[in-house]
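The exercises below are meant to be worked with the sequence and the model side by side. Try each task before turning to its solution.

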Amino acid sequence: MDAEALLAAPLAYLATIIVACTLASLIGSLMMLVTKYSSKLSLKPQLSEQLGNWQYETVKKMISEMNLSLPCMLVDLKTFDRNCLTLAKKASSHGKTIRIATKSLRIPSLIVRALGISPVFQGLMCYNAREAWYLFNYLTKENVYCRDFLIAYPTMELEDLLAASRLTSAGATVVLMVDCLKHVKFLDSWWDKNHPGREMLNVCIDFDMSWRPIPGVHIGAHRSPCRTPKDVDYLLGQINSTYTLKFVGVMGYEAQISGVPDTNPFTTVINPIIRFIKQLSFYDVKRRRRQVRSLLAQRGAHLHIFNGGGTGSALLSASDPSITEIAAGSGLLQSQIFDWFKANENGPAAVIALRCTRSCDEDIICCQSGGFIASGQISKDKQPRPFLPTCLIPFPNEGFGEVQTPLAVKSRHHSLSVGDPVLIRPAKAGEIAEHFDLYHMIDDMSNPQDVAVLPTYRGLGLCFH
C-alpha cells in the first residue's frame, strides 16, 4: 500500500470530524434562532395515520357514559402491548434484553403488565433504591418474579442505602451507580458499618458517552466524569480494593442519540444535520464501549450488565455487540416526543382528556387545564400536542396554560361545543403521572365498561426523586 493510500483513511476521518464539529457549532446558533422565532411556528394538526386505535366519537361516548371527571389520563392497553412487543422485537433481534425504565411509567400495574408481555423484559431501572424496595414488595404481592434492580443514578442519601440493604437481605439483586472515587468511598464506608460480614453491595460504573470530537466541543448530556477507559480502570481498581463492594457492570447511555428527536417539526431545518451528528456519534459510542469491554476482559472482571440506549435508539443501540441490554420506558406509552424519531414504529398509547369549558369565538375553544410542560431544555416541543379532534392547533403566543388552554379550530365543519372533551398527548411519558392519581386503562375501545382505574405513584402517596 503506497503512502497516499495510508494517509487517505485518517485524513478522510479527520475531515469528517472537522465537518461534524462545524455543524455542531452551527446547530447551537440555529437552535437559538429557532427558539427566538418559534412563536411564529405552530404544529400542523395530527395526521389520521398517527391516531392508532383512538377514535374521537368513541372516546367521547365513553367519557360521557362513565361520567369521567376531566382532566384525566386514558391508556389504550392494546397499543401499550403492541409497543412492548415492537421494542422487544428490536432488542431480541440482536440478542439483547430490555430493562424497563420505571420513571417513564410510574404506574406499578403497567410495570407488571410489561414484564409479563415478553421474556425480553428482564429487570427494572429505578430512580433510587427506595423505589426499588417499594416495587420489590409490590411485585412479590402480585406473584411476579423480578429480583433485578439497577439504580440509574448515584445516591448520597442514607434512606437509599437502607433500602438497598433491605433489598439485599431479602434476596434481591440491587445495583447502585458510581462514577467517582467519592461515591466508592461513601458506599464502602456505610456498607462496612451497617452491613458487616454479609452480602457485598453490587455497583455499576456510569461511563459517560457524550461525544467530544475535539477539545471544547461537547455533544450530549452532562453526566459522569468517568469518560475514558483509563477512568473506568481506575474506578474498577478502587472498587476491587474494598471488601464491601462488588463490580457487576457498566452503564453507557448515549443521550445525544437516544434522547434527541431527529424529525422534530420545530427543528425541520436542522433535522438532517442532527441525524448526521447522531450517526457520527454512534461510531464513537461503539468504539469507546468496545474499548471498555476489552479492558474489563483484560482485567478479568465479570460483566453481568452493560446497559445502553433507550426508546429513541432501541434498534441502533441493540446492534452494538458490546452491550448486554437496553433500557426503555417512554416507548411503551409512546409520549409524543418519541414520534419524532425516524426509526419510531410505536403508536400513541396514552392521552390526556381535557374539557372544553368556553368558546370565545366561533373558531376558538378553551379547555380547562392543559399546562403539562415537560422537563429539559425550554422549547416548544416540551408542551403537549392536540390529538383529537384532529383540527386543533395551539396558539403560539399562549401555549398550554395551567388553568386554561385556548385552541384554534382549523375546520369549518367542526361540531365541538362547550362541554365536549379534547384529547392531547404529553411530551414525556413519566412526568405526566405526577399530575394524576389514577389512570383509566381501556382494554376495548368499543366497550366503556371494560375500563380499569389504576393508581399512579402519586395516587399511592409515593414520590421518588
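**Exercise 1: a glutamate and its surroundings**

E325 is buried, with a relative accessible area of 5%, where buried means under 20% relative accessible area, exposed over 50% and partly exposed in between, using a 1.4 Å probe and protein chains only. This is a predicted model, in which local features need pLDDT of at least 70 and side-chain atom pairs count only at pLDDT 80 or more, whereas totals for chains, interfaces and linings use all residues. Residues are numbered from 1 along each chain as its sequence is written, and side-chain values use heavy atoms, with hydrogens and water left out.

Task: locate E325 in its strand and find the side chains with which the side chain of E325 makes polar contacts.

Solution. Begin with the strand, which is β9; strands (E, at least two residues) and helices (H or I, at least four) are DSSP runs, numbered from the N terminus. Next, examine the side chain of E325, which makes a polar contact with the side chain of R99 at 2.7 Å and another with the side chain of N307 at 2.8 Å. A polar contact is a pair of N or O atoms within 3.5 Å; within protein, one must be able to donate a hydrogen and the other to accept it, and residues adjacent in sequence count only if both atoms are side-chain atoms. Finally, widen the view to contacts (heavy atoms within 4.5 Å): not counting residues up to four places away in sequence, E325 touches K96, T97, R99, L150, I305, F306, N307 and G308.

**Exercise 2: the contacts of L124**

Task: find the residues with which L124 is in contact, leaving aside its neighbours within four places in sequence.

Solution. The list comprises R99, I100, T102, I111, L115, L135, L139, C146, D148, F149 and L150.
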